[in-house]
Amino acid sequence: MGYTHEVFAPNDLQSTNREWTEDDVQQRHAELISRPSELLHLLQERDLSIESINRFKIGLFQSGVYMIPVYDDLGHLLSVRYYRKKDHKKWGVRGKTTKMIYPWFGLNGANPLWIVEGEFDSQVAIQNGIHAITTTAGASATPSTLHQYRNVFGATRRFVLALDADEAG
């Protein structure tokens, strides 16, 4: 199952229309694994392990631009997030930029549940044994979103907010 979308990207990246499928995600992931110079950034600058890169199926959209597939709680591909390493710019898919919880897997019974501000932050936390989530399309670790998380995960779940010390974005 795939979907058609338009990528809205920073001005110096060309917008494109295409349909992303799970096969595309796997191919982009294999491309990243085959390019040591691109892989090195995630290993050294983002502190991700090879196991986490594989687990989260991070791929290479184009040189210097990574893609992070976003799945629902049943494992269906919902969207793709993009991250450009040169300026840490992130963007999503036009028409699919509503806030979505990321990642869904491994959350059953997680208590406390850490709320962090980005996909890479949640990935690194998870690889270090911390149950962590974020939301796509914006900073998620704000007190104003705690009520929404309680509606999804239940009022008895404990949350830990792990805020970045930088500007949003």
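Start by selecting Asp24, Val25, His29 and Leu32: these are the buried residues of helix H1, where buried means under 20% relative accessible area, exposed over 50%, and partly exposed in between (1.4 Å probe, protein chains only). They lie on the same side of H1 because they cover an arc of only 135° around the axis, the arc being that of the directions from the helix axis to the C-beta atoms. An α-helix has 3.6 residues a turn, so residues three or four places apart point the same way. Now turn to the face of H1 directed away from its buried side, and you will find the exposed residues Asp23 and Gln27.

Show H1 as a whole, residues 22–33: its twelve residues reach 17 Å from the first C-alpha to the last, close to the 16 Å expected at 1.5 Å a residue (the expected span is 1.5 Å times one less than the number of residues). Helices (H or I, at least four residues) and strands (E, at least two) are DSSP runs, numbered from the N terminus.

A word on what is on your screen: this is a predicted model, in which local features need pLDDT of at least 70 and side-chain atom pairs count only at pLDDT 80 or more, while totals for chains, interfaces and linings use all residues. Residues are numbered from 1 along each chain as its sequence is written, and side-chain values use heavy atoms, with hydrogens and water left out.

Zoom out for a moment. The protein has five helices and eleven strands, and 41% of its 169 residues count as buried.

Next, the cores. A nonpolar core is a set of buried Ala, Val, Leu, Ile, Met, Phe, Trp, Tyr and Cys residues joined through side-chain atoms within 4.5 Å. Select Leu32, Leu42, Leu48, Ile53, Ile58, Tyr66 and Phe120, which have the most contacts inside the largest core, a set of 16 residues. Helix H2 (36–45), strand E4 (65–71) and helix H4 (119–127) each give two or more residues to this core, and E4 gives the most, with three. A second, separate core has ten residues, including Val25, Val65, Met67 and Trp91.

Stay with Tyr66. Beyond its neighbours within four places in sequence, Tyr66 is in contact (heavy atoms within 4.5 Å) with a set of residues that includes Leu32, Glu38, Leu42, Ile58, Arg81 and Lys85.

Glu38 sits in helix H2 and is buried, with a relative accessible area of 3%. Leaving aside neighbours within four places in sequence, Glu38 contacts Leu32, Leu60, Ser63, Gly64, Tyr66 and Lys85.

Now move to the open sheet of four strands, with the order E8-E10-E9-E11 and mixed pairing; two strands pair if DSSP finds at least two bridges between them. Colour strand E8 (101–102) and strand E11 (159–161) as the edges, since each pairs on one side only. Strand E9 (residues 113–115) and E11 pair in the parallel sense over three bridges, and Leu161 in E11 is the bridge partner of Ile115.

Which strand holds Ala132? Ala132 is in strand E10 (residues 132–135), and at 1% relative accessibility it counts as buried. Not counting residues up to four places away in sequence, Ala132 touches Pro103, Leu113, Trp114, Val116, Ser122, Ala125 and Ile126. To finish, draw a distance between the C-alpha atoms of Ala132 and Leu161: they are 29 residues apart along the chain and separated by 9.7 Å.
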